[in-house]
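Biologist: I'm new to this one. Could you put it up, so that I can ask you some questions?

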Amino acid sequence: MKKSLYFGWDVVALLAFTLVNVAGLYYFRNELDLALSNLSWMTLLVLGLGVYRLTDIIVYEKVTQPIRFLFIGKAFAEEGKEVHVSKRGLQAFFHQLFSCNSCMGVWVAALVVYLYILFPTPTFVAMIIFALTALERLFSKVYSFLEKKAQ
């Protein structure tokens with residue numbers, strides 16, 4: 001695919017992200033003041049770890065593979081055969097989004113912020129669960145690293 005086509009959809013995505021956030025900030029300005037006034041470093045840490053893990057699930061985990069299959073260029077069918085999906089236009093943008101954890105992380109973070117503004121308690125409970133699984137994954141990576149280093 002031509003690089004200029006990727007660039008065009010990147011600009012569209014940037015504009016869409018900006019417009020959604022400007023509209024969201026305007027629409028939720030009163031709720032945002034309340035949510036930000038109650039934001040502690042511990043809440044921010046929990047939300048951050050939750051966003052990290054939720055992004056990780058969306059981009060890498062097997063449970064979200066059917067969603068990624070709609071956009072990613074190739075995936076494996078149940079028999080192990082490789083299936084190719086075309087990457088053109090908007091599908092190319094989503095391919096890029098679903099294959100980049102940093103890119104997806106920005107969108108997931110924005111979604112979590114708005115969910116936290118609208119539904120603080122359920123969102124925070126869900127983010128606690130995702131944060132705990134994020135810590136488990138980090139501890140698992142550290143343990144694997146130390147185990148390899150010890151051998």
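Predicted model: local features only at pLDDT ≥ 70, side-chain atom pairs only at ≥ 80, totals over all residues.

Biologist: Is Asn21 buried or exposed?
Modeller: The cut-offs are under 20% relative accessible area for buried, over 50% for exposed, and partly exposed in between, with a 1.4 Å probe and protein chains only. Asn21 comes in at 15% relative accessibility, so it counts as buried.

Biologist: And which residues does Asn21 touch?
Modeller: Contact here means heavy atoms within 4.5 Å. Leaving out residues up to four places away in sequence, Asn21 touches Ala110 and Tyr114.

Biologist: How about Asn30, buried or exposed?
Modeller: Asn30 is found in helix α2, residues 29-37. Asn30 has 58% relative accessibility, so it counts as exposed.

Biologist: What kind of aromatic pair do Phe17 and Trp107 form?
Modeller: The structure holds 1 aromatic pair. Rings of Phe, Tyr and Trp (its six-membered ring) pair if their centres lie within 6.5 Å; planes under 30 degrees apart count as stacked, over 60 as edge-to-face and the rest as tilted. For Phe17 and Trp107 the centres are 5.0 Å apart and the planes are at 70°, which makes the pair edge-to-face.

Biologist: Which helices does that pair link?
Modeller: Phe17 and Trp107 are 90 residues apart, so to speak in distant parts of the chain. Phe17 counts as partly exposed because its relative accessibility is 21%, and Trp107 does too, at 29%. The helices are α1 (residues 3-27) for Phe17 and α6 (residues 101-118) for Trp107.

Biologist: How are α3 and α7 oriented?
Modeller: Axes are lines fitted to C-alpha atoms, for helices over the stretch in contact, and angles run from 0 to 180 degrees between N-to-C directions. Helix α3 (residues 41-60) and helix α7 (residues 120-150) pack at about 70°, their axes 7 Å apart. Angles under 35 degrees count as roughly parallel, over 145 as roughly antiparallel, 65 to 115 as roughly perpendicular and the rest as oblique. That makes α3 and α7 roughly perpendicular.

Biologist: How many nonpolar residues are in the contact of α3 with α7?
Modeller: Ala, Val, Leu, Ile, Met, Phe, Trp, Tyr, Cys and Pro count as nonpolar, Asp, Glu, Lys and Arg as charged, and the others, Gly among them, as polar. The contact includes Val46 and Leu47 of α3, and Phe124 and Met127 of α7. By class there are 3 polar and 4 charged residues, and the nonpolar ones number 15.

Biologist: What about α6 and α7, how do they lie to each other?
Modeller: Their angle is about 135°, with the axes 6 Å apart. Among the residues in contact are Val112 of α6 and Pro120 of α7. Going by the angle, α6 and α7 are therefore oblique.

Definitions and conventions
Residues numbered from 1 in each chain as written. Heavy atoms only, no water. Helix = DSSP H or I, 4+ residues; strand = E, 2+ residues; numbered from the N terminus.
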